[in-house]
Amino acid sequence: MAFFETFFRKGQRNSSQLYIVLLVGNYLVKSLPERIFRKLPKSFSRCEIPACGHLNQLEYEARTGRTCKPPPQSSRRKNFEFEPLSTTALILEDRPSNLPAKSVEEALRHRQEYDEMVAEAKKREIKEAHKRKKIMKERFKQEENIASAMVIWINEILPNWEVMRSTRRVRELWWQGLPPSVRGKVWSLAVGNELNITPELYEIFLSRAKERWKSFSETNSENDVEGVSVADREASLELIKLDISRTFPSLYIFQKGGPYHDVLHSILGAYACYRPDVGYVQGMSFIAAVLILNLEEADAFIAFANLLNKPCQLAFFRVDHSMMLRYFATFEVFFEENLSKLFLHFKSYSLTPDIYLIDWIFTLYSKSLPLDLACRVWDVFCRDGEEFLFRTGLGILRLYEDILLQMDFIHIAQFLTKLPEDITSEKLFTCIAAIQMQNSTKKWTQVFASVMKDIKEGDKNNSPALKS
């Protein structure tokens with residue numbers, strides 16, 4: 001390096017001297033790794049051409065009389081019958097020339113392995129194709145059944161609703177699930193309108209809700225208003241706004257900016273003003289959302305208000321503990337009757353129905369089950385009433401009985417709080433159909449009445465006035 005520095009400082013820069021210096025420097029740089037690692041250089045079959053351009057290469061060839069050939073380009077192996085398209089196909093290739101060649105036995109074994117893999121892949125492909133074909137066939141069959149059922153509902157049942165609703169034919173057709181096109185209409189007829197709510201009444205309470213929301217906006221927060229009770233806060237539109245964002249989040253239609261956000265907000269706000277004694281309770285948003293998907297806004301509010309006025313829903317949403325305990329006690333009677341082994345397993349862990357039933361009943365299974373399956377549960381619930389809600393709960397326990405028997409308290413609670421997403425209507429309704437809602441010749445209503453009677457007598461016996 002000192003030689004190069006001295007050379008350039010002295011200004012000796014004619015072309016021939018400069019070329020020799022560059023040639024020597026290039027050789028030293030290329031031979032340096034070999035000197036460090038003590039490897040002898042191979043015969044100089046290649047020319048060491050300094051990067052001085054094409055003219056320097058011609059000058060070098062003229063001076064030395066040696067022709068510089070460009071390094072051979074790496075060529076593909078030409079002894080392949082095909083270009084491998086995957087790592088699987090590589091087993092059929094010959095080895096590179098610098099490795100030992102395959103033996104005949106090894107080549108045959110590789111061919112056999114490859115054929116086996118291809119055959120297995122074809123089997124899987126055929127199996128998946130059959131599965132897809134079966135699913136499509138079942139879907140077409142289901143669509144045909146829905147289409148034929150829709151004609152029956154529209155032309156025969158709905159025009160003669162009061163006469164035909166309780167007939168065996170209609171009940172069987174009802175069990176199979178309502179066609180989406182008539183679902184909302186049938187729900188409205190089945191739920192009824194005992195409260196005599198009109199679309200005009202809905203508009204009145206909606207206006208009140210909007211005024212109330214406006215007053216909250218002006219004060220920035222409901223907490224700024226003095227003298228607000230806990231019940232009033234729970235019924236406030238601020239809580240409704242928060243809960244709407246959690247309603248069917250995967251659908252992205254009820255969240256802010258979605259097509260049904262304002263409608264859901266309006267119905268829940270109007271109901272909070274219509275029933276201040278109940279107010280807004282978490283879970284109501286799911287029920288209202290399902291109704292919105294199947295009914296017009298005013299009709300959805302009417303069905304919503306009447307549905308929540310049913311004894312079971314009113315007991316849960318008003319948090320009437322005594323009535324809730326009666327429902328749980330009645331449920332346990334049929335739980336023990338139908339699933340005695342699982343009932344004892346739950347008892348051993350002191351796992352009570354309120355741990356899993358409250359969420360199911362509050363949302364009418366619309367949060368716990370896939371939406372299409374939840375709608376089918378609603379179909380039969382509108383037909384059979386509150387009894388079917390608890391029968392559905394027993395059907396879920398029956399469906400997963402074998403799994404639940406292997407779990408402890410924590411895992412059972414977690415499992416029932418978040419059910420598997422792959423649950424199908426066919427499997428669930430098969431299990432629901434197997435549940436017998438009869439105990440010693442007593443039906444649900446009779447057992448519930450006897451439970452209420454026993455609890456009342458127990459309350460009297462435990463009354464302080466009687467003891468004194």
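The model is predicted, so local features need pLDDT of at least 70 and side-chain atom pairs count only at pLDDT 80 or more, while totals for chains, interfaces and linings use all residues. Residues are numbered from 1 along each chain as its sequence is written, and side-chain values use heavy atoms, leaving out hydrogens and water.

## Salt bridges

Side chains of opposite charge can pair when their charged atoms come close. Here a salt bridge is a side-chain nitrogen of Lys or Arg within 4 Å of a carboxyl oxygen of Asp or Glu. By this rule the structure has 10 salt bridges. The table shows some of them.

| Salt bridge | N to O distance |
|---|---|
| Asp115 and Arg111 | 3.8 Å |
| Asp384 and Arg171 | 3.2 Å |
| Arg183 and Asp379 | 2.8 Å |

Let us start with Asp115 and Arg111, which both lie in helix α4 (residues 104-157), 4 residues apart, or about one turn of the helix. Helices, for reference, are DSSP runs of H or I with at least four residues, numbered from the N terminus. An α-helix has 3.6 residues a turn, so residues three or four places apart point the same way. How accessible are these two partners? Asp115 is partly exposed at 39% relative accessible area, and Arg111 is partly exposed at 40%. (Buried means under 20% relative accessible area, exposed over 50%, and partly exposed in between, with a 1.4 Å probe and protein chains only.)

The salt bridge between Asp384 and Arg171 links distant parts of the chain: Asp384 belongs to helix α18 and Arg171 to helix α6 (residues 168-175), 213 residues apart. Asp384 is partly exposed, at 24% relative accessible area, and Arg171 is partly exposed too, at 32%. These two residues also join Arg383 in a network of salt bridges.

Arg183 is buried at 10% relative accessibility, and Asp379 is buried at 0%.

## Aromatic rings

Rings of Phe, Tyr and Trp (its six-membered ring) pair if their centres lie within 6.5 Å; planes under 30 degrees apart count as stacked, over 60 as edge-to-face and the rest as tilted. A search of the whole structure finds 31 aromatic pairs. One of them is the tilted pair of Trp187 and Trp378, with 5.1 Å between centres and 40° between planes.

## Helix α21

Which residues of helix α21 (residues 409-417) are buried? They are Ile412, Ala413, Phe415 and Leu416. Seen down the axis of α21, they fall within an arc of 165°, so they line one face of the helix; the arc is that of the directions from the helix axis to the C-beta atoms. The face turned away from this buried side carries the exposed residues Gln414 and Thr417.

Key. Helices (H or I, at least four residues) and strands (E, at least two) are DSSP runs, numbered from the N terminus.
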